[in-house]
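This report concerns strand pairing and salt bridges. Please consult the sequence and structure shown below.

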Amino acid sequence: MDWVEMDIFTTSEGVEPVTGCLLGLGINGFVIKDSKDFEEFLSDKSVNWDYIDDDLMGLKNCETTVTAYLPENAQGLENLEGVKSELKALKARDADKLFGRLEYELKNVKEEDWANNWKQYFKPIEIGEKLLIKPSWEKAEDNETRKILEIDPASSFGTGQHNTTRLCLELVEKDLTEGDRVLDLGCGSGILSIGAALLGAKECTAVDIDENSVRIAAENAAKNNIGEDKYTVFCGDITADAELREKIGSGFDLVCANIVADVLIAMSGSFSYFLKEGGRLIVSGIIDMRKDEVLDVIKSQGFVLEEVRELEDWVAASFTK
C-alpha cells in the first residue's frame with residue numbers, strides 16, 4: 001500500500017490537541033518533531049556530546065510538526081477530510097492562538113491529483129437494506145430497488161466508504177419513522193440527513209462548523225432532488241452559540257452526529273435540547289478504545305442506550321431520550 005505524509009504545523013502546546021484529533025479519527029501512525037523537545041535533549045547534562053549532525057541541529061529551530069500517515073486510497077481521503085475538519089474546529093476553539101497556524105501540507109501526492117483519482121476507489125455500495133450510494137459517473141441497474149443516494153467525492157467528509165458513516169446510516173434506517181424531523185450535527189457532505197430524507201423523513205436540518213461542508217451538503221441535497229423546503233443547512237458551533245441553537249429549534253424526532261469522541265462529549269449537553277421526549281439519538285465516529293467513555297457521558301445526560309454496533313475499530317450507538 002502507498003502512503004501519503006501529511007505535515008500539520010502547530011506549536012509545542014498544540015501537539016496534544018492535534019494528536020488527540022488524529023487518534024479520535026483512528027489515525028495512530030504519526031511522528032512529532034518539536035524544537036522544545038530537542039532543546040531539552042541538548043540540555044541533558046548527564047551526557048557529553050562530542051558531535052551532533054547538522055541535520056539534527058536543524059531541529060533546534062524547526063517549526064513544531066505532527067506528521068500523519070494516510071493510506072493512498074478512499075479511506076485515506078476520508079481521513080484527510082476528517083483531519084481538515086478537525087483542524088478548522090480546533091483553530092476556531094483556539095482563541096488565544098496557542099496552537100500555531102494549524103495548516104497542513106501533503107507529501108508524495110498533490111491533493112488535487114489524489115481527489116481526481118477517486119474514481120478508481122469509489123464504487124457503488126449497498127448500505128443496510130434500503131440504500132445504494134453511488135457517484136454520478138456510475139450507472140445503477142435498471143431493476144435497482146434500493147433508494148439511490150448519489151454523492152460525489154468532494155472537500156467534505158462523508159461518502160459512505162468510511163465505517164463510521166456506514167454504521168450511522170444503518171442505524172438511521174433502523175430507527176427512522178416516515179415523517180420524522182431529523183437533525184444532522186456535524187453534517188460534512190450531508191450524507192446522513194440526505195439518506196434520512198430518501199428514507200422518508202419529512203424535513204431535515206444539517207449543521208456543520210465548516211462553511212465548505214454546509215455548502216456541499218446543500219448541493220448534495222439538491223443533486224438528490226431534495227428541495228430547500230425539506231432541507232435546511234446552518235453553519236456554526238452549537239456548543240458555543242446559543243443563538244444558533246435557537247435558530248435550529250427543538251422537537252426533532254431523530255438526531256444523528258457522526259463526529260469524533262471529544263466533540264460528541266462536548267455536544268452531549270445539547271442533545272436533549274434538540275430532541276423531543278422519546279426521540280432517538282444516533283452517534284458514531286467513536287474509536288473503540290473510547291466507547292465506554294462516550295456512551296457513559298451520553299447516558300449521564302438522561303439517555304437510555306438502545307443499541308451498539310461495531311465494525312472493525314469503530315463504534316456507533318443509538319439512544320432514546
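**Strand pairing in the sheet**

Strands β1 (residues 3-9) and β4 run antiparallel and are joined by five bridges; D7 has E105 in β4 as its bridge partner. Strands pair if DSSP finds at least two bridges between them, while helices (H or I, at least four residues) and strands (E, at least two) are DSSP runs numbered from the N terminus. The open sheet comprises four strands in the order β2-β3-β1-β4, with antiparallel pairing. Its edge strands, each pairing on one side only, are β2 (30-33) and β4 (103-107).

**Basis of the model**

This is a predicted model, in which local features need pLDDT of at least 70, side-chain atom pairs count only at pLDDT 80 or more, and totals for chains, interfaces and linings use all residues. Residues are numbered from 1 along each chain as its sequence is written, and side-chain values use heavy atoms, with hydrogens and water left out.

**Salt bridges**

A salt bridge is a side-chain nitrogen of Lys or Arg within 4 Å of a carboxyl oxygen of Asp or Glu; the count is 21. One of them pairs E81 with K84, with the closest N and O atoms 3.3 Å apart. Both residues belong to helix α4 (residues 74-93) and are three residues apart, about one turn of the helix. E81 is buried at 10% relative accessible area, and K84 is likewise buried at 13% (buried: under 20%; exposed: over 50%; partly exposed: in between; 1.4 Å probe, protein chains only).

D262 and R290 also form a salt bridge, their closest N and O atoms being 2.8 Å apart. Because D262 lies in helix α10 (residues 261-274) and R290 in the loop between β12 (275-287) and α11 (291-299), the pair ties together parts 28 residues apart in sequence.
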